[in-house]
Amino acid sequence: MIIIISFFSFILEYLFNYLLKKTLFLPLITLTTTVIVRPFFKKNNNLFYMFCFILGFLYDLIYTGNFFLSAGIYLIIGIIINLISTNMPNNIFTSIFKIICAVIIYRTLCFLFFYINGITIFSISNLFKSIYSSLLLNIIYGTLIYLILYLLSKKFNIKRID
Amino acid sequence: MHKKEKNKRTIIILSSIILSIIIATIFIKKNFNIPSYGIKDGMMYVNNIITRIFGNKDYYKLEKENEKLKEELEQYKDYKSLNEELNNEILKLKETLSIEELISDREYAFGTVINRNFDYWQEKLIINIGKNKEIENNMAVISNGNLIGITDDVSINSSSVILLSNHKFPLNISVKIKIDDNYIYGILNNYNETTGTYEIIGVVDNIDIPQGSKVYTSGLSSTFPSGILIGNVEDVTTDNFDLSKVINVKSETNFDDISYVTVVKKGNK
């Protein structure tokens, strides 16, 4: 199921990128998917970290072209999400909180990386813009996919951490 | 034993993160992109499906544009016949003077923007044409009639475009400003994101440059053919030493809204 959702998120990411150009709805669908599917890895942290790394690597290959950058950042986000998940119950509100954390970390680390390497100029307003533009769509998507997965796991009796 | 395993895992994760960042830095500094070509080209098929399904999202906008284009088409027919006549004259003159190539000779390829990452929105974008349309690195890219950048990282079915708004644009573009029937020459320097203007430096001619004068590529390089519009003069100042003019030029292209592009190749087959 995780593989199907990941594939679906890649297609959706491509679709949103095509339809929404520099609006208030910037997609980070793959990142949101990483956060939402965490409970299905149960206590297998190693597998979850590997999943984050591979998903980030594929994201690099398909969308960004910056080799291993998203792979590294996804792994960092995976560790943080894991820490939050072990200290907080898994429900819709904590999932939204985790998505917000993931988006902020991803945008900030990307911004710092590109600034340090001289690709972009240092502009805090651009960073804030990229963060708040990414939040809305990803929270909506995260909420929907959480509810869908919640219902599916109940129906097909798929085990996950609650 | 459990602690030992935990430490081992921490070391693996930390080294993976550090290695990833190092590799990413090397790739970005050296501009390596070769291994992604196959996957990027594969994603073009997904793009084609998406374009077919959602390609008519701007239907009403397109209808209006179509009306406008129909009106312009009438004018275009007249321009076409004039252009053919002028081309014939040029060919005859070329033969008479034994000239093989003019600096204004060019070829076109048309493409669509398929990806633009928000992290480097002002720096580059990806278009859906590459080696399949004989695109090479450093070709001029225009949108809405104005120069917007150059091609880079060309794969079989896609290419990156480094935008002129990129603060690290790799080329110095030689430009000419048209004043009545004369041209004055300068170098396109950098782009100001706040004002949305380019800066032209190195203009030493003591001529008044009126606001709204057209700025074109000069063709004095191996990259760009001459006569590609860059923008209109917004205002003129002088440099810190009062020795040469600094001209601010505004492009007519909105860099936040680029959907279709034309790649211009210098020379003639």
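## Helix packing and chain make-up in a predicted model

In chain A, helix 2 and helix 4 pass each other in a right-handed crossing. This comes from a predicted model, in which chain A has 6 helices and 0 strands, whereas the secondary structure of chain B comes to 3 helices and 12 strands. The points below begin with two helix pairs of chain A, go on to the make-up of each chain, and end with one residue from each.

**Helix 2 and helix 4 of chain A**

- Helix 2 of chain A, covering residues 29-37, packs with helix 4 of chain A, covering residues 69-87, at an angle of about 30°, and their axes are 10 Å apart.
- Because angles under 35 degrees count as roughly parallel, helix 2 of chain A and helix 4 of chain A are described as roughly parallel to each other.
- On the side of helix 2 of chain A the contact is made by A:Thr30, A:Leu31, A:Thr34 and A:Val35, while helix 4 of chain A brings A:Tyr74, A:Ile77 and A:Ile81 to it.
- Sorted by class, this contact between helix 2 of chain A and helix 4 of chain A has 5 nonpolar and 2 polar residues, with no charged residues.

**Helix 1 and helix 6 of chain A**

- Helix 1 of chain A (residues 2-19) and helix 6 of chain A (residues 124-155) pack at an angle of about 150°, and the distance between their axes is 14 Å.
- Since angles over 145 degrees count as roughly antiparallel, helix 1 of chain A and helix 6 of chain A are roughly antiparallel to each other.
- The crossing of helix 1 of chain A with helix 6 of chain A is right-handed.
- By class, the contact of helix 1 of chain A with helix 6 of chain A has 8 nonpolar residues and 1 polar residue, and no charged residues.

**Make-up of chain A**

- Read from the N terminus on, the elements of chain A run α-α-α-α-α-α.
- Of the 162 residues in chain A, 56% are buried, and the accessible surface of the chain comes to about 7,200 Å², of which 76% belongs to carbon and sulfur atoms.
- When contacts in chain A between residues at least 6 apart in sequence are considered, 68% of them join residues at least 24 apart.

**Make-up of chain B**

- Chain B has 269 residues, of which 41% are buried, and its accessible surface comes to about 16,400 Å², with 53% of that belonging to carbon and sulfur atoms.
- Among contacts in chain B between residues at least 6 apart in sequence, those joining residues at least 24 apart make up 60%.

**One residue from each chain**

- A:Ala71 lies in helix 4 of chain A, and this residue counts as buried because its relative accessibility is 0%, where buried means under 20%.
- Apart from its neighbours within four places in sequence, A:Ala71 is in contact with A:Phe53, A:Gly56, A:Phe57 and A:Asp60.
- A:Ala71 and A:Met50 are 21 residues apart in sequence, and their C-alpha atoms are 9.8 Å apart in space.
- B:Asp208 is placed in the loop of chain B between strand 8 (197-203) and strand 9 (214-217), and B:Asp208 is exposed, with a relative accessible area of 69%.

Terms used. Residues numbered from 1 in each chain as written. Chains lettered and ligands numbered in written order. Predicted model: local features only at pLDDT ≥ 70, side-chain atom pairs only at ≥ 80, totals over all residues. Heavy atoms only, no water. Axes fitted to C-alpha atoms, helices over the stretch in contact; angles between N-to-C directions. Helix = DSSP H or I, 4+ residues; strand = E, 2+ residues; numbered from the N terminus. Parallel < 35°, antiparallel > 145°, perpendicular 65-115°, else oblique. Left-handed = near helix turned anticlockwise from the far one by under 90°. Nonpolar A, V, L, I, M, F, W, Y, C, P; charged D, E, K, R; others polar. Buried < 20%, exposed > 50% of the residue type's maximum accessible area, 1.4 Å probe, protein only. Contact = heavy atoms within 4.5 Å. Areas by Shrake-Rupley, 256 points an atom, 1.4 Å probe, with all protein chains shown as cover.
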